[in-house]
Amino acid sequence: MSLVVDTSVTLSWLFADEVSPETEALLDRVRDESGMVPSLWQYEVSNALLMAVRQGRLVEADATHILTLLRGINLQVNHSPIDLKRVFALAVAHQLTAYDAAYLDLAMVWGVPLATLDRSLAQAGAAVGVEVLPRVAG
């Protein structure tokens, strides 16, 4: 397992105006080495595509096609039960949503980097010693 990927990174792969060289490199890494997502990722990505359709950013057929393409990316959905108390504690300690804390928890449990574009989640990851990607200069 190479890394945990959150929805913000996944969506950057799907929308041309959100992609960057750093997120493209993460996609290449996932294709080559595999990545992991918590089961809630499926709902988050589906909902983001649904919102894009409702806002006129995508047509339904394109969203459906994207969902099919996502199956071809080397992302494994982790369906293991989570420690709800630990996720809750992470969320409280770092002022995260429980959803974001689930990504952080998964990276901690597996001892792998966390790929996120979410500033709060990245800061929480760094605070607990999780490598956060993409690395940004500065």
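Predicted model: local features only at pLDDT ≥ 70, side-chain atom pairs only at ≥ 80, totals over all residues.
Biologist: Where is Gln95 found?
Modeller: Residues are numbered from 1 along each chain as its sequence is written, and side-chain values use heavy atoms, with hydrogens and water left out. Helices (H or I, at least four residues) and strands (E, at least two) are DSSP runs, numbered from the N terminus. On that numbering, Gln95 sits in the loop between helix 5 and helix 6.

Biologist: Is Gln95 buried or exposed?
Modeller: Gln95 is not a glycine, yet its phi is positive, at about 55 degrees. Buried means under 20% relative accessible area, exposed over 50%, and partly exposed in between (1.4 Å probe, protein chains only). With a relative accessibility of 73%, Gln95 counts as exposed.

Biologist: And Ser34, is that residue buried or exposed?
Modeller: Ser34 also has a positive phi without being a glycine, here about 90 degrees. Its place is the loop between helix 2 and strand 2 (35-38). The relative accessible area of Ser34 is 6%, so Ser34 is buried.

Biologist: Let's step back. In what pattern do the elements follow each other along the sequence?
Modeller: The protein has 7 helices and 5 strands. Read along the sequence, they are arranged as β-α-α-β-α-α-β-α-α-β-α-β.

Biologist: What radius of gyration does the protein have?
Modeller: The C-alpha atoms fill a box of roughly 40 × 30 × 25 Å along the principal axes. The radius of gyration is taken over C-alpha atoms, and the globule rule is 2.2 Å times the number of residues to the power 0.38. For 138 residues a compact globule would come near 14 Å, which agrees with the protein's value of 15 Å.

Biologist: What percentage of the contacts between residues at least 6 apart in sequence join residues at least 24 apart?
Modeller: Contact means heavy atoms within 4.5 Å. As background, buried residues make up 43% of the 138 residues. Of the contacts you ask about, the share joining residues at least 24 apart is 65%.

Biologist: Which residues does Leu27 contact, leaving aside its neighbours within four places in sequence?
Modeller: Leu27 belongs to helix 2. At 6% relative accessibility, Leu27 counts as buried. With those neighbours set aside, its contacts are Trp13 and Ile73.

Biologist: How many salt bridges does the structure hold?
Modeller: A salt bridge is a side-chain nitrogen of Lys or Arg within 4 Å of a carboxyl oxygen of Asp or Glu. By that rule, the count for the structure is 7.

Biologist: How many residues apart in sequence are the parts that Arg57 and Asp17 tie together?
Modeller: Arg57 forms a salt bridge with Asp17, and their closest N and O atoms are 2.6 Å apart. Arg57 lies in the loop between helix 3 (40-54) and helix 4 (60-70) and Asp17 in the loop between helix 1 (7-14) and helix 2 (21-33), so the sequence separation of the parts they tie together is 40 residues.

Biologist: In which loop does Glu18 lie?
Modeller: The side chains of Arg57 and Glu18 meet in a salt bridge, at 3.1 Å from N to O. This pair ties together parts that are 39 residues apart in sequence, because Arg57 lies in the loop between helix 3 and helix 4 and Glu18 in the loop between helix 1 and helix 2.

Biologist: Which of these is the relative accessible area of Asp105: under 20% or over 50%?
Modeller: Asp105 pairs with Arg86 in a salt bridge of 2.4 Å, N to O. Arg86 lies in helix 5 (residues 84-94) and Asp105 in helix 6 (residues 98-110), so the pair ties together parts 19 residues apart in sequence. Arg86 counts as partly exposed at 35% relative accessibility. Asp105 is buried, with a relative accessible area of 4%.

Biologist: Which residues do salt bridges with shared partners join into one network?
Modeller: Salt bridges that share partners make one network of Asp17, Glu18 and Arg57.
To give their accessibilities too, Asp17 counts as exposed at 62%, while Glu18 is partly exposed at 34%. Arg57 is partly exposed at 37%.

Biologist: One last thing: which peptide bond is cis?
Modeller: Look at Pro134, in the segment after strand 5 (132-133). With omega near 0 degrees, the cis bond runs from Leu133 to Pro134.
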